[in-house]
Amino acid sequence: MKSILKIIKTTFLGGILFLAPLVLLLVILEKGYHIIQKITLPIINYFPKVKILGFTIEEIVAILIIFIICITAGLIARTAHAKKLIQKLENGILSFVPGYSFMKGINESIMGFESNENLKVILVPTDAGLQFAFLIEQINENNFAVFIPDAPSPWSGSVCFVEKKDITEVGISQKEALACIRKLGLGSAALLNDKL
């Protein structure tokens, strides 16, 4: 019974953590849309009141402006100065948000962005047997900090400190491990057949 409640809890929390950025994005786009509408309304009043594919000219202009702003922001984000600013923001503020770095890496992986910060997938021993874990950092010559994700939602889990001798390298990608965790281990035969 406790394991079922744990699965429900982790799935629910995983759902919230997955939906939160999407809802935030929608709220930001909606607010931006209304701000741009206020700016474009006086200009658009001189245009004829026609609809194109069900959208008024005012709506089309607002959507185009948001699109141009997003493209411009994306181009600016690729500059060296912007990357430094984002790095400072992440190191100074966002690093204190629990799980931010892990969620960022997972989202980049899911969306297909190449990331130099893909976490190394390993297996570590637990009371229940070997489990997938992500190598977070090396503490010293012999000890490592690892994150052991829960299944089916890898958004929650536990941080453990393990010795080098207890780490089994598996040579699979973060994306493959996350997919296997979400499927409750389905596909592990293909991933781990020659590694155990």
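Predicted model: local features only at pLDDT ≥ 70, side-chain atom pairs only at ≥ 80, totals over all residues.
## Overall make-up

The chain contains 6 helices and 7 strands. Read from the N terminus, the order of these elements is α-β-β-α-α-α-β-β-β-β-β-α-α.

Of the 196 residues in the chain, 27% are buried. The chain exposes about 14000 Å², and carbon and sulfur atoms supply 67% of that area. Among contacts in the chain with a separation of 6 or more, 46% are between residues 24 or more positions apart.

Side chains of opposite charge can pair when their charged atoms come close. The whole structure holds 3 salt bridges.

One of them joins the side chains of Lys120 and Glu169, with an N to O distance of 3.0 Å. This pair links distant parts of the chain: Lys120 belongs to strand E3 (residues 120-126) and Glu169 to strand E7 (residues 168-169), 49 residues apart. How accessible are the two partners? Lys120 has a relative accessible area of 39%, so Lys120 is partly exposed. Glu169 reaches 54% and therefore counts as exposed, because the exposed class begins over 50%.

## A network around Lys165

Lys165 takes part in two further pairings. With Glu163, the side chain of Lys165 forms a salt bridge at 3.8 Å, N to O. With Asp166, Lys165 forms a salt bridge in which the closest N and O atoms are 3.4 Å apart. Through shared partners, these salt bridges join Glu163, Lys165 and Asp166 into one network.

Lys165 is exposed because its relative accessible area is 65%. Glu163 has a relative accessible area of 32% and is therefore partly exposed. Asp166, at 27%, is partly exposed as well; a residue would have to be under 20% to count as buried.

## A nonpolar patch on the surface

Which residues form a nonpolar patch on the surface? The patch consists of Val50, Ile52, Leu53, Phe55 and Ile63. Together these residues have about 500 Å² of accessible area.

Val50, one of the patch residues, lies in the loop between helix H1 (2-44) and strand E1 (51-52). The relative accessibility of Val50 is 40%, so Val50 counts as partly exposed.

Terms used:
Residues numbered from 1 in each chain as written. Heavy atoms only, no water. Patch = residues over 30% accessible without salt bridge, like charges linked within 9 Å, V, L, I, M, F, W, Y side chains within 5 Å. Areas by Shrake-Rupley, 256 points an atom, 1.4 Å probe, with all protein chains shown as cover. Salt bridge = Lys/Arg side-chain N within 4 Å of Asp/Glu carboxyl O. Helix = DSSP H or I, 4+ residues; strand = E, 2+ residues; numbered from the N terminus. Buried < 20%, exposed > 50% of the residue type's maximum accessible area, 1.4 Å probe, protein only. Contact = heavy atoms within 4.5 Å.
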